[in-house]
Amino acid sequence: MPVLTITPSGKTIEAVEGSTLLDALLAAGEKITTNCGGEAKCGDCHIFVLDGRKSISKMSKLENEKLDTLVGVGSKSRLACQAHFGPENVTVEVLNFV
Ligand code: FES
């Protein structure tokens, strides 16, 4: 089972391979708005993946196109609703504080 480590809160949570990073973040109690319901349309779930990037699912065209419209995007950016866990542990930085 992959473990998700969340910064800056320092929380960790066990995740299910194949589930989304967003599911794990919400299960850990992170306050992330999801105005599009996980459809890669709002950009609210923009996070930085600091570690374990190679293990999570590849970026889709839809996700890439949405990220192109957001401010502050970098090489570690992902939409948590679109990124699925592989077998490895993942560390993320949550950017969207509500
Ligand atoms: S929840 Fe809207 S883009 Fe991820």
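Predicted model: local features only at pLDDT ≥ 70, side-chain atom pairs only at ≥ 80, totals over all residues.
Two helices and five strands are found in the protein chain, and along the sequence they follow the pattern β-β-α-β-α-β-β.

**Overall dimensions and packing**

- The C-alpha trace of the protein chain spans about 30 × 25 × 20 Å along its principal axes.
- Of the 98 residues in the protein chain, 28% are buried.
- Among contacts in the protein chain with a separation of 6 or more, 69% are between residues 24 or more positions apart.

**Sheet architecture**

- The five strands form an open sheet with mixed pairing, in the order β2-β1-β5-β3-β4.
- Strands β2 (12–14) and β4 (77–79) stand at the edges; each has a single partner strand, so one side of each is left without a neighbour in the sheet.
- From one strand to the next, the twist averages 35°.

**Strand β5 and its partners**

- Strand β1 (residues 3–7) runs parallel to β5, and four bridges join the two.
- Within this pairing, I6 stands opposite V92 in β5.
- Strand β3 (residues 46–51) is antiparallel to β5 and is likewise joined to β5 by four bridges.
- Here I47 has V94 of β5 as its bridge partner.
- In a regular strand the side chains alternate between the two faces of the sheet.
- In strand β5 (residues 90–94), V90, V92 and V94 form the covered face, while T91 and E93 form the uncovered one.

**Pairing of β3 with β4**

- Strands β3 and β4 run antiparallel and are joined by three bridges.
- The bridge partner of F48 in β4 is S77.

**Backbone exceptions in loops**

- Most residues other than glycine have a negative phi, and most peptide bonds are trans.
- The peptide bond from T7 to P8 is cis, with omega near 5°; P8 is placed in the loop between β1 and β2.
- A40 is not a glycine, yet A40 has a positive phi of about 65°.
- A40 lies in the loop between α1 (21–27) and β3.
- A40 counts as partly exposed because it has 18 C-beta neighbours inside 10 Å, whereas a buried residue needs 20 or more and an exposed one has 12 or fewer.

Terms used:
Residues numbered from 1 in each chain as written. Pairing = 2+ DSSP bridges. Axes fitted to C-alpha atoms, helices over the stretch in contact; angles between N-to-C directions. Contact = placed C-beta atoms within 7 Å.
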